[in-house]
Amino acid sequence: MHLIESGNVAAATGVKLSRVQVVAAYPITPQTPLTEKLSEFVAEGSLDSEYIPVESEHSAMAVCIAASSAGTRTFTATSANGLLYMNEQLHWAAGARLPIVMCVVNRGIGAPWTVWNDHQDSISQRDGGWIQLYANDHQQIIDTVIKAFRLAETVSIPVMVCYDGYLLSHTYMPFDTPDQDKVDSFLPAFNPINKLDPENPSNFNSVTLPDVRPDVRGNMAPGYMEIRHGLHQDMRRSMDVLQEIDQSFFEEFGRGGNPFLEPYRCDDADHVVVCLGSLSYHMRDVIDELRAEGTAVGVMGVQLYRPFPDQAIVDALAGKRSVMVFEKALSYGNQGALYADIKSALYTCTERPLICNHILGLGGREIKTKHLYDAVKQSCENPETMGDTPRWIGLKCQDNG
Amino acid sequence: MKNDDFGCMISKSEPGPGDGGRTGSWRVQRPVIDLTKCIPAKTGKAACFTCWLFCPDAVVSKTIPPKIDYVYCKGCGICAEECPSGAISMEDESSFIHDIMKENK
Amino acid sequence: MEIKTRTLTLTEEEWVHPGNRACAGCGLGIVYRTALKALGKNTILVVPPSCLTVLQGLYPIAATKLPCVNVTFASTGAAASGVRAAMRALKKEKVNVVAFAGDGGTGDIGIQALSGACERGEDILYICYDNEAYMNTGVQRSGTTPQGVVTTTTPIKGKPQVKKDVPAIVAAHRIPYLATASAAYPLDLYDKVRKAITIKGPKYIHVHTPCPPGWGFDTRYTIKVGRMAVETGLFDLYEKDAEGFRLTDASLKLTGKERKPVIDYFKTQGRFKSLSESMVSDIQKEVDLKWAGYC
């Protein structure tokens, strides 16, 4: 079925089609309409799910953790400060290996207050053990949500589906909603081995000593470090799983094919722009204009940020003349987070491209195509002059007096 | 790939005694029941069982007479304090050194 | 007329393994053991960081024979709501969903989640064992620490503020069942838990739990100290439901009779050593006033 709807409704529809069983709901701009839509689906009966209107985001993730531990498919959504409020719960869900799916509608973090889009919220959570997927348009939002549940439940790792606040959440685009029957065969019911069950009692996530110790049968049980090592290893292995799932989705629904990176005119490019989210689509206008002028440039959208697809990055960028990373977040006191990850991945390349870092769009600062064009053109013309220090695009009030 | 290949290591504990080891080793004194004073013991009837009721560690059995599991009894003394007939006394653990040595063999 | 459980009729089945890491003489040991007898097999527990986390066992051994999920400190009420939601989704409505938290995890850091769960009318039983401080981390003051008590964060002069009345806060949510209980009166606690699980909606039981190392008394006096709190009228055993408010067990027996002076209770524990005569006198007046209101 074809819809023209907002990104938030696309996400909510994906959750509905995934037959989620427990939804924890707390409002925060710009995610709120997603949550509202889910309550509408539940009230009208088109989604048979428990809907818990919790009293905070920390509690929202608590509901998901508990309900997932009890063996049900769970979902919540948040942004910015809400995501940060549930920070300890994110680490908990990952360490507990719970296949929770959450939509993060990207928004800048206070202080000072902002409700507008940037990526600092999800970027700041990159180290906790959640898989991070970024959707670039409404079709990708609904498709990625469905894929996320299958990925999470296959690898027992929670998955964050991120999309730009306002730019995607509140704009309207046409997209196709998959048939429920086909989604049901793509995404079977959730039936975990480990769960809270009076017939098979266990105590989950109790205190773990530094060293290993024997279990009730006298066998040596893995310790904290082994459990955490397992999370990391399974996260790395989940890239292969994502590839399989993406392939399976493509066969069923005819869409996908770029589970890690979405390239545009990169094959014969000398220079490649890299970014996250809908910015990569915005960039395509700049690419087309520069291409028309004769510059061999392309843009790569990063779809999977964690685990970091370092091999795919190397395969795509090794041998290129230069790489320009544009991002709406940074690791304060250092550089852009995506930039640092890409630079690190390229470190061992024999044919390392020149690389530079641009910061833009913080707190929803408007990103003008002209500014993008100027920045990309400058970098393509003189990549050796760009340097390592982040360059800021769109800063105002810099000359006082 | 199937879910069985992933998430094999989680913090999942199974029920069993002795998480704290042989907590009987914590004792400096152990409760000893005088069967001539213990109400169920001397009457041969199911009665009282106050020691069983109040034991924080469930190491007293609801039997005639009540028996104390010295492997795990921490020697708190609540049973001795609460026994209505004064049948339980707290004796120095060192007096039972021979029993302890036998247990440890 | 409800039939009260007696020691002889109390079930023998144990749901806690011995050899756990609770202190010798731990009041929680009695509370937990008794409550689980009342709950039985078809139960899922939700436990935040607290002494109970330790009692329940360090990975990979569990002292508890029931399924349990450990959760973060602030989230108990919400996590219990999540378990209940899952049970409804899985059509397993008969399962008891029981949150078992300390006073800090209930009345301080946990109060938001508890309030949310009560306001939403979640079908959970929330048992708070109140040992009147953050005992698991080594006796720091909490909201329910009584006035004048010496803790590691209120040394020398003792806590200036009064004890937070958490049951009263919970009562303001107008939940179908609210009760107080004590480790010193396990049969009363047992009956209250049995009654609570027959009621739909949020149920809350606040259990006074003496702690030998934290309160400063010899391990053998746990029951005596708990009893004294009730006999002086400082801690009252009551329940509040659709039929109204009533005192129960030893507190009920105390109506119209002379209560022991509060100083007798304070003398039993090292933590009250900073209480001045005038403070004791003020507390006695407050207790007298409270009891005058019960008639």
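Begin by selecting chain A and chain C together: 14 residue pairs are in polar contact between them, counting pairs where both residues reach pLDDT 80 or more. That cut-off is there because this is a predicted model.

Between them the two chains bury about 3300 Å², with 61% of it on carbon and sulfur atoms.

The rule finds three salt bridges across the interface of chain A and chain C. One to zoom in on joins the side chains of C:Arg120 and A:Glu55, at 2.9 Å from N to O.

Next, look at salt bridges elsewhere; over all chains, the search finds 50. Which end is buried and which is partly exposed? B:Glu81 counts as buried because its relative accessibility is 17%, under the 20% cut-off, whereas C:Lys224 is partly exposed at 35%. While chain C is on screen, also select C:Arg84, C:Asp123, C:Lys200 and C:Lys203, which are joined into one network by salt bridges that share partners.

Back in chain A, there are two salt bridges inside helices to visit.

- Select A:Lys37 and A:Glu40, with closest N and O atoms 3.0 Å apart. They sit three residues apart in helix H2 (residues 32-44), so about one helical turn separates them. A:Lys37 is buried at 18% relative accessibility, while A:Glu40 is partly exposed at 40%.
- Then go to A:Asp234 and A:Arg237, where the closest N and O atoms are 2.9 Å apart. Both lie in helix H9 (residues 224-253) of chain A, three residues or about one turn apart. A:Asp234 is buried at 6%, and A:Arg237 is partly exposed at 35%.

Switch to cartoon for the sheet in chain A. Six strands make up an open sheet with mixed pairing, in the order E12-E14-E13-E16-E17-E18. Strands E12 (261-264) and E18 (391-392) each have a single partner strand, so one side of each has no neighbour in the sheet. At the E18 end, two bridges join that strand to E17 (residues 354-359), and the two run parallel. Show A:Ile359 and A:Trp392 to see one such bridge pair.

Two helices lie across E12, E13, E14 and E16 of chain A. Helix H10 (residues 279-292) runs at about 170° to E14(A), and helix H11 (residues 310-317) runs at about 15° to E12(A).

Last stop: A:Gly298, in strand E14 (residues 297-302) of chain A. A:Gly298 is buried, with 0% relative accessible area. Beyond its close sequence neighbours, its contacts include A:Tyr264, A:Cys266, A:Val273 and A:Ile287. For a distance label, draw a line to A:Ile367: 69 residues apart in sequence, and 19 Å from C-alpha to C-alpha.

Notes. Residues numbered from 1 in each chain as written. Chains lettered and ligands numbered in written order. Predicted model: local features only at pLDDT ≥ 70, side-chain atom pairs only at ≥ 80, totals over all residues. Heavy atoms only, no water. Helix = DSSP H or I, 4+ residues; strand = E, 2+ residues; numbered from the N terminus. Buried < 20%, exposed > 50% of the residue type's maximum accessible area, 1.4 Å probe, protein only. Contact = heavy atoms within 4.5 Å. Pairing = 2+ DSSP bridges. Axes fitted to C-alpha atoms, helices over the stretch in contact; angles between N-to-C directions. Buried area = accessible area lost by both parts, 1.4 Å probe. Salt bridge = Lys/Arg side-chain N within 4 Å of Asp/Glu carboxyl O. Polar contact = N/O pair within 3.5 Å; in protein donor to acceptor, adjacent residues only side chain to side chain. Lists of a residue's contacts leave out its neighbours within four places in sequence.
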